[in-house]
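Hello,

Here is the structure I promised to pass on. Please open it and keep it beside you while you read my notes.

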Amino acid sequence: MIQSGSIRLRPISEDDTDLILELRNDLKNAANFFSDPPLYDFGHKKWLASLDLNGIYMVIEYVGEKVGTIAITNIDYRHQKAEYGRIVVKDSYRGKGIAFTASNLLISYVFHNLPIRKINLEVFADNIQAVRFYEKLGFEKEGLFKKEYYKNGTWKDVLRMALFRETWEEKYANSNKN
Ligand SMILES: CC(C)(COP(=O)(O)OP(=O)(O)OC[C@H]1O[C@@H](n2cnc3c(N)ncnc32)[C@H](O)[C@@H]1OP(=O)(O)O)[C@@H](O)C(=O)NCCC(=O)NCCS
């Protein structure tokens with residue numbers, strides 16, 4: 001459990017299946033994900049049962065209400081890197097800094113507790129809101145994979161972004177000074 005004020009991250013469980021189906025089968029959200037809807041409850045439960053210990057899969061709660069998900073996956077101790085992803089917040093809880101604080105909490109947990117020096121992510125290049133959100137968190141653009149994914153009738157460019165531990169520590173130190 002990771003908590004800051006009214007925002008709490010706790011491990012995902014089978015009881016969260018309704019939340020996951022609601023978020024992932026919402027077509028507006030699904031347009032931004034690499035996987036396609038529909039996601040079925042049995043498919044989700046199978047995926048859940050197959051998870052290994054190579055990731056941290058959390059539900060975001062706001063004042064006790066389940067509002068979204070976030071994860072750190074593909075933790076790679078050999079190369080000291082990991083992947084940030086599965087970030088989504090219910091429509092009515094956006095623009096309130098919940099996703100930002102949840103991300104900060106999880107990233108901070110990883111950099112403080114694990115020997116990880118780099119966190120990377122992939123996002124559709126036209127998901128401007130998400131790209132700007134990641135930049136606010138400190139992620140920088142690393143590369144563009146052109147026409148990488150077929151989605152909603154078009155070939156989409158995929159942007160790779162990364163956040164280094166040093167950048168994070170500098171940002172964290174600076175924010176402490178303010
Ligand atoms: C991406 C997503 C999670 C962002 O959620 P959100 O609710 O808009 O994010 P927040 O409210 O936490 O942050 C919104 C803004 O406040 C900023 N912000 C919030 N708290 C802040 C803080 N303490 N310090 C600095 N900036 C902050 C954010 O960076 C962002 O800036 P902007 O106004 O320039 O856009 C949300 O849009 C979403 O669920 N999208 C659909 C799913 C999706 O696309 N996921 C990504 C797939 S790769």
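At what angle do helix α1 and helix α3 pack, and how far apart are their axes? Before the answer, one caution: this is a predicted model.

**The helix pair**

Find α1 at residues 17–24 and α3 at residues 41–50. They pack at an angle of about 115 degrees. Their axes are 10 Å apart. Angles of 65 to 115 degrees count as roughly perpendicular, so α1 is roughly perpendicular to α3. The crossing of α1 past α3 is right-handed.

Which residues make this contact? From α1 come Thr17, Ile20 and Leu21. From α3 come Asp41, His44 and Lys45. By class, that contact holds two nonpolar, two polar and two charged residues.

**The whole chain**

Now step back to the overall fold. The protein has six helices and eight strands. Along the sequence, their order is β-β-α-α-α-β-β-β-α-β-α-β-β-α.

Next, the overall dimensions. The C-alpha atoms fill a box of roughly 45 × 40 × 35 Å, taken along the principal axes. The radius of gyration of the protein is 16 Å. A compact globule with 178 residues would have a value near 16 Å, so the two agree.

**Around the ligand**

The shell around the ligand has 19 residues. Asn32, Gly97, Ala99, Phe100 and Lys136 come nearest. Sorted by class, the shell has nine nonpolar, six polar and four charged residues.

Where in the chain does the shell come from? Strand β5 (81–89) and helices α4 (98–113) and α5 (128–137) each supply at least two residues. The largest share comes from α5, with five residues.

**Two backbone details**

Look at two loops as well. One is the loop between α2 (27–30) and α3, where Pro38 lies. The peptide bond from Pro37 to Pro38 is cis. Its omega is near 0 degrees.

The other loop runs between β3 (56–62) and β4 (65–76), and Val63 lies there. What is phi of Val63? Phi is near 50 degrees. That is a positive value in a residue other than glycine.

**Where to start**

Begin with the crossing of α1 and α3. Then go to the ligand and pick out the nearest residues, Phe100 and Lys136 among them. Finish at the cis bond between Pro37 and Pro38.

Best wishes

How values were computed. Residues numbered from 1 in each chain as written. Predicted model: local features only at pLDDT ≥ 70, side-chain atom pairs only at ≥ 80, totals over all residues. Near = placed C-beta within 6 Å. Helix = DSSP H or I, 4+ residues; strand = E, 2+ residues; numbered from the N terminus. Nonpolar A, V, L, I, M, F, W, Y, C, P; charged D, E, K, R; others polar. Axes fitted to C-alpha atoms, helices over the stretch in contact; angles between N-to-C directions. Parallel < 35°, antiparallel > 145°, perpendicular 65-115°, else oblique. Left-handed = near helix turned anticlockwise from the far one by under 90°. Contact = placed C-beta atoms within 7 Å. Rg over C-alpha atoms; globule rule 2.2 N^0.38 Å.
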